[in-house]
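Hi,

Here is the structure I promised to pass on. Have a look at it, and then read my notes below.

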Amino acid sequence: MIRKRWLIITIYVTTLILLYADHNLLSPNLTQISEEFGMTNEQRDVRLGGHISLAFYAVGVPSSFIFGWLSDSIQHRALLFSVAVLIGEIACFLTFFVSNVEMLLVSRSITGIGIGASLPIIYSILGDLFQAEGRNIAAGKICITFLIQVKELKYLICQQFSSTIIAIISSATGLGLGIGQGMAGFLGPNFGWRLPFLLVSIPTFFLAGICCFLEDPLRGGKERSVIAAQEQLVDEPNRMIHNEDEEKGVSYGQVDDDEIQDQSETDEDTCTSPIIHNDIVDCKTHLSIIVEEGHTMNELYPVESASIKSTCNLLLTPTVILLLIQGAPSVLPFGITSTFLNDYLAQDKGLQVEVRKKETFLILYSIEAELCNNEIF
Amino acid sequence: LLTFGAGNALGVIVGGSIGHYLYKRDNRLPPIAMGISILLGCIPMWFIINMDYKDKLQIVYASVAMFFAGLLSIVPIPIERAILSNVSLPEARGRANSFLSLIDDIGKALGPFLLSTMISSLGRQKAFNCSLIGWIIGGIVSCLQYFTVRKDEDAIQKIIAEKIEQRNTPS
């Protein structure tokens, strides 16, 4: 099981880049495909440009919701992500072998599942990988530093850059689109339009397999309230360590004896693990399990299954409502940049794109257009 | 257009950093940053749409405007996802993000369609100018989250704390 957070993020980002790379593999070679399938220019625009794109989203949009729901219900989200990626990439792989436009339509619409499903799962996982705010470990509970030691710096860095990592995840989708479009644009004329589908899908199979072995972060494990409860849990046995050390003549400062006694009694009442009261080594081991693996967190924070009631509660949250409302009118200006601006500047304003630079332009433009149109709002 | 892309690339990182910095100061500030960014994005976009591009200097100005339009319009990406995660329960985040993706995808299909309808009645330039109202509304709605986000975050933390308390209270 892969547990290092930077490695988990790297694998997810790389998978997302490759997954989104297959989104635009068709568009640079529409004419070549239409010639192979004996289509007219009108059929090319309507069937390849219109119907396939529509089918892609018609399947992708509901799959986004279904997999979003599943990611709230299933314990192992990394596995769910792998399944979604595999469904999409098997279809992408099979696109290499299609012999007519109907098969192409089916394979592309199934590819939409992988792309539609991936983002809700990724953001759900991210929410549990990082805290809402950069937690200052030094100002937190010093008592857990003996468990973290060298890892403390990495831990702190990861926490502090949580928002930036969300930004990187967002960029990965745009980068993937650019890479896919560029690959199809450069390889299509020389090696045929089918090859890019193989080149994108095969490494993604490999990554989807690795994703099965990524540790699923504990749900709610990075919430303020859960961490506070966790630290309380860690703090109490730590004071037991001090108590036992004091008995051995090791001084850590003034601790009220009555308070320790009260605390010991409390620990006996509430603590479910008898090893805490045995010896320091066992106690440290127990705490490291709490802090590093979070096994006891399952007992600490009960996770509810996804239900209609909890979905209604979510949709009744004022900030969620505002975030969703904010998106509706904002799509209009993004329609300019994603669809019309290029043609508007060329036709209405007289700015022409040089032919030799067109492919480079398309790669970069697809990145920004997709960032605008696909991600925001 | 390439400078618009460059602005986007930088804007995502800037948005993440600003969101993180402001959140540490006050968790109500990121929505304000998001709103202001969207509203300010209208200005360079207006110049891009309405410039006549007659001389080279204007193309330079347009490139600068493109860069800032790209930067400002993309800043909300990391912030909105972070806000959404913060105001939803850990077990509801998949659904929350799927709703946002749903709006994205519907918008992706509907945005150009609505614009094309506006273009057919108003012409391109007027339609594009009118569509900027969408960003103005979006920016205002974003700023309104200032009044709700802290309450919603606290409510989520309260629910989590209550769940923990219930789980760990001896029956």
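Which residues of α9(A) are buried? They are Pro196(A), Phe197(A), Leu198(A), Val200(A), Ser201(A), Thr204(A), Leu207(A), Ala208(A) and Cys211(A). This helix of chain A runs over residues 195-211, 17 residues in total. From its first C-alpha to its last it reaches 25 Å, close to the 24 Å expected at 1.5 Å a residue.

Please keep in mind that this is a predicted model. The average pLDDT of chain A is 70, and 61% of its residues score at least 70. Where pLDDT is low, the predicted coordinates should not be read in detail.

Now to chain B. Helix α4 (residues 76-86) of chain B is largely enclosed by the rest of the structure, because eleven of its eleven residues are buried. Among them are Pro76(B), Glu80(B), Arg81(B), Leu84(B), Ser85(B) and Asn86(B).

One residue I would like to show you is Asn97(B), which sits in helix α5 (residues 93-122) of chain B. Asn97(B) counts as buried because its relative accessibility is 0%. Leaving aside residues up to four places away in sequence, Asn97(B) touches Arg81(B), Leu84(B) and Ser85(B), as well as Pro120(A), Tyr123(A) and Ser124(A). Arg81(B), Leu84(B) and Ser85(B) are also among the buried residues of α4(B).

Best wishes

Conventions. Residues numbered from 1 in each chain as written. Chains lettered and ligands numbered in written order. Predicted model: local features only at pLDDT ≥ 70, side-chain atom pairs only at ≥ 80, totals over all residues. Heavy atoms only, no water. Helix = DSSP H or I, 4+ residues; strand = E, 2+ residues; numbered from the N terminus. Buried < 20%, exposed > 50% of the residue type's maximum accessible area, 1.4 Å probe, protein only. Contact = heavy atoms within 4.5 Å. Expected span 1.5 Å × (residues − 1). pLDDT = per-residue confidence, 0-100.
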